[in-house]
Amino acid sequence: MHEPDYAVAGKTAIVTGASQGIGRAIAETLGASGANVVICSRAQERVDPVAEGIDEETEGAALAVECNVREREQVEALVDATVEEFGAPDVLVNNAGGEFVAPFEDISPNGWNAIVDLNLNGTVHCSQVAGEVMRENGGGSIVNLSSVNGQHAAPGESHYGAAKAAIIRLTETLAVEWAPHGIRVNCVAPGLVQTPGVAETLGIESEQMPARETVDRRIGHAEEIADLVQFLVSPAASFMTGETVTAKGVPKPGNSMSDGLGLE
Ligand SMILES: CCCCCCCCC/C=C/C(=O)SCCNC(=O)CCNC(=O)[C@H](O)C(C)(C)COP(=O)(O)OP(=O)(O)OC[C@H]1O[C@@H](n2cnc3c(N)ncnc32)[C@H](O)[C@@H]1OP(=O)(O)O
Ligand SMILES: NC(=O)C1=CN([C@@H]2O[C@H](COP(=O)(O)OP(=O)(O)OC[C@H]3O[C@@H](n4cnc5c(N)ncnc54)[C@H](OP(=O)(O)O)[C@@H]3O)[C@@H](O)[C@H]2O)C=CC1
């Protein structure tokens, strides 16, 4: 009888931006399933406790590395540290990302570059550097974090939306280019998920629906994105590459809008 295989035990996974929020949930989920997890953020003291928790409370092992994904040399050091500690990465989750909400006319060149650099170029650096090791090692699996903002327009999200849309096309292109190397590349596009970053950026502090009338779905949990990522990097998703999977919850009862986020 066939049983689905969601196993990641013994795999080596790099998760960027894992000091909190979705990245932390992904790292803890993979660790709980027995993966060796390498996590990074811009501050060593913020990733250390997460790695300690994974080491102490899960089957998996963890290594915490300070790495700003916008800096190519730091990404190279991250991958070097991974290889030294656990061997070649089997999994890369490009989760580090962020934004500020502002009208297009109020975004300075530096502000635009900061968001594109973090979300898009950070994904490029990590994919190129880790991808090289994966190719030499005979394969792997990459998951990129896009957003519903990469699929639909929303006011105040021009820079972030452009970067997250580009990540979707990058996912598709790498899936084609790296298929011969045994590397699957997929993407997840979450709707609104309760994280410290969202609380800070959008001022949403609780499970309550945002005040904005158009947002008609409940806010997601980071673990609901982590479970999807685990599926995508597992053997159960061996027939999937180049896909962007949206996870944005079901519309509230009685809602007649086809897109529950109200984004056009
Ligand atoms: C309900 C809806 C449903 C919406 C439906 C669902 C949508 C989900 C939305 C959630 C998305 C998330 O990603 S939530 C996670 C968000 N978390 C975060 O963003 C926290 C992480 N933030 C950061 O890392 C940073 O603050 C980040 C914004 C990337 C900038 O990094 P830097 O350190 O390089 O940036 P800074 O030096 O601070 O600033 C760089 C430039 O950006 C400008 N800048 C910074 N903040 C600015 C602002 N608010 N307005 C204008 N400009 C700003 C500065 O003035 C600088 O430009 P100059 O003055 O010209 O020099
Ligand atoms: N939450 C949501 O509603 C949604 C989130 N997303 C995407 O999911 C991902 C995670 O979001 P979320 O958990 O909400 O974000 P948070 O802001 O809560 O967490 C962001 C994480 O990224 C790290 N980080 C930020 N900048 C860098 C950098 N330059 N280099 C390395 N690490 C960095 C932060 O750590 P530190 O500060 O310690 O460096 C932190 O661990 C992002 O890509 C986001 O765009 C997409 C759709 C919806």
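Let's start at Gly-138. This glycine follows helix 4 and has a positive phi, near 95°. Helices here are DSSP runs of H or I of at least four residues, and strands are E runs of at least two, both numbered from the N terminus.

Some ground rules. This is a predicted model: local features need pLDDT of at least 70, side-chain atom pairs count only at pLDDT 80 or more, and totals for chains, interfaces and linings use all residues. Residues are numbered from 1 along each chain as its sequence is written, while chains are lettered from A and ligands numbered from 1 in the order in which they are written.

Back to helix 4. It has 29 residues, so at 1.5 Å a residue it should span 42 Å; the expected span is 1.5 Å times one less than the number of residues. The end C-alpha atoms are 40 Å apart, which agrees. There is a kink, though: about 40°, centred on Asp-117. That bend is the angle between axes fitted to the seven residues ending there and the seven starting there.

Now the ligands. A residue counts as near if its C-beta atom, placed from the backbone, lies within 6 Å. Ligand 1 has 28 residues around it, with Gly-98, Phe-100, Ser-108, Gly-111 and Gly-197 nearest. Helix 4 and helix 6 each give at least two residues to that shell.

Ligand 2 is surrounded by 32 residues; Gly-17, Gly-21, Ser-41, Gly-97 and Gly-197 are closest. Two or more residues each come from helix 1 (21–32), strand 2 (36–41), helix 4 (109–137) and helix 6 (196–202).

Confidence, last. pLDDT, the predictor's confidence in each residue from 0 to 100, averages 93 over the protein, and 91% of residues score at least 70. ipTM and pTM are both 0.95. Where pLDDT is low, the predicted coordinates should not be read in detail.
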